[in-house]
Amino acid sequence: MVILIYSIIIFIACTIGALVGIGGGVIIKPMLDMIGFHTVDVVGFISTCAVFAMSISSSVKHITSKTEMNKKIVLFVSFGSIFGGIIGNEIFDAVFEKFNTDIVKGVQAVIIAAFIIFVIIYVNSKNVKTLKITNPIAIVLTGLMLGLMSAFLGIGGGPINTAFLVLLFSFNVKESAVYSVAIIFFSQLSQLITIFINNRFEPYKEYFPIVVCAMVVAVVSGLIGSKLNKKLSNDVITKVFSIVLSFVAVVNVYNAIRGFTA
C-alpha cells in the first residue's frame, strides 16, 4: 500500500516537475512528510532518488529532441550546483544530527513555503526587471547557491531554479524548465555521491524496494513531462506552475505548523 501511494504521488509530481522544471521534489517532499510514513531523512532520500531518475529521462528526452539551450550556461551552472549539492547535504546532516526530525521538517517547510510564495509572485509579475549575466564566475556561483538550497531542502530545487533562471538570465518559464532539469540532475547526483562516499546508504537499505519503484515511476513520468513541455505554450506552463506551487505552499504551511507543534 505504501509503495502504491508513493508511486501515485511521484508519478504526478515528476510529470509536473519535468513539464515546468520544478523537478518534482518540491511536491514529493512535503506530500510524503504530510503522510508521515517515514522520517524526514528517509523521505529526503526517496525524493532525491526519484528526482534524480526523473532528471535523467527528461534530459535525455530534451537532448534527443534537440531542444535549444545555451551550453555555456548549462555547463557553468551545473558545475556550481555539484559543489552546492555537496555543501547542502553536509549542512542537512549537521542540522539533522543536532535537532529532532519534527523541528527539521518544520524549518524546511517554512523555507520552502517562503520561497514558493516569492516564486509565484515573481513569475506572474508584469514588466518585472531581469538580468542577463554572462560572467562565468557569476554563473558558477548561481549554480552553487541553487545546488545548496536544493540539497538542504531535499526538493531538487526546481521552483527556486526556475525563478532565479528567469531573474538572472531573462528566460521565460518554459525555457527555464529545460535548464532547471539539467541543474537538478547534477545537484542530485552530487548529493547521492556524497552519501555513497560517506557510506551512508546502510540506513536506507530496507527502503530500497520503495526507492527502486520510485525511480522507475520517475523515469516514465520524466519522459511524459518533458514531451508535454515541448508541446504546450509558455502561458499554459506558467499557469500550471503557479497552480501547483500554490497547492504545495499550503501543504508546507501545514507541515511547518505540525512540525513546530509536535
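The largest cavity in this predicted model holds about 30 Å³ of space. A cavity is a set of points on a 1 Å grid over the protein atoms alone where a 1.4 Å probe fits but cannot get out; its volume is the space filled by probe spheres set on the points, which are joined across faces, edges and corners. By this rule there is 1 cavity of 30 Å³ or more.

Before selecting anything, note that residues are numbered from 1 along each chain as its sequence is written, and that side-chain values use heavy atoms, with hydrogens and water left out. Local features need pLDDT of at least 70 and side-chain atom pairs count only at pLDDT 80 or more, while totals for chains, interfaces and linings use all residues.

**Stop 1: the cavity**

Select Lys29, Pro30, Asp33, Lys105, Gln108, Ala109, Ile112, Asn252 and Asn255, which line the largest cavity; a lining residue has an atom within 4 Å of a point. The elements giving two or more residues to this lining are α2 (25-35), α5 (101-123) and α10 (234-261). Helices are DSSP runs (H or I, at least four residues), numbered from the N terminus. The largest share, 4 residues, comes from α5. The lining divides into 3 nonpolar, 3 polar and 3 charged residues, where Ala, Val, Leu, Ile, Met, Phe, Trp, Tyr, Cys and Pro count as nonpolar, Asp, Glu, Lys and Arg as charged, and the others, Gly among them, as polar.

**Stop 2: the salt bridge**

The term requires a side-chain nitrogen of Lys or Arg within 4 Å of a carboxyl oxygen of Asp or Glu. Both residues lie in helix α2, 4 residues apart, about one turn of the helix. The structure holds 1 salt bridge.

**Stop 3**

Next, select Asp41, Asn89, Phe92, Asp93 and Tyr204, the closest to the centre of the largest pocket among the 19 residues that line it. A pocket is an open set of points with protein on both sides within 12 Å along at least five of seven lines. This one has a volume of about 300 Å³. Helices α3, α4 (71-98), α6 (136-153) and α8 each supply at least two lining residues, and α4 gives the largest share, 5 residues. The lining comprises 8 nonpolar, 6 polar and 5 charged residues.

**Stop 4: a ring pair**

Rings of Phe, Tyr and Trp (its six-membered ring) pair if their centres lie within 6.5 Å, and planes under 30 degrees apart count as stacked. The structure holds 6 aromatic pairs.

Methods. Phe/Tyr/Trp six-rings, centres within 6.5 Å; stacked < 30°, edge-to-face > 60°.
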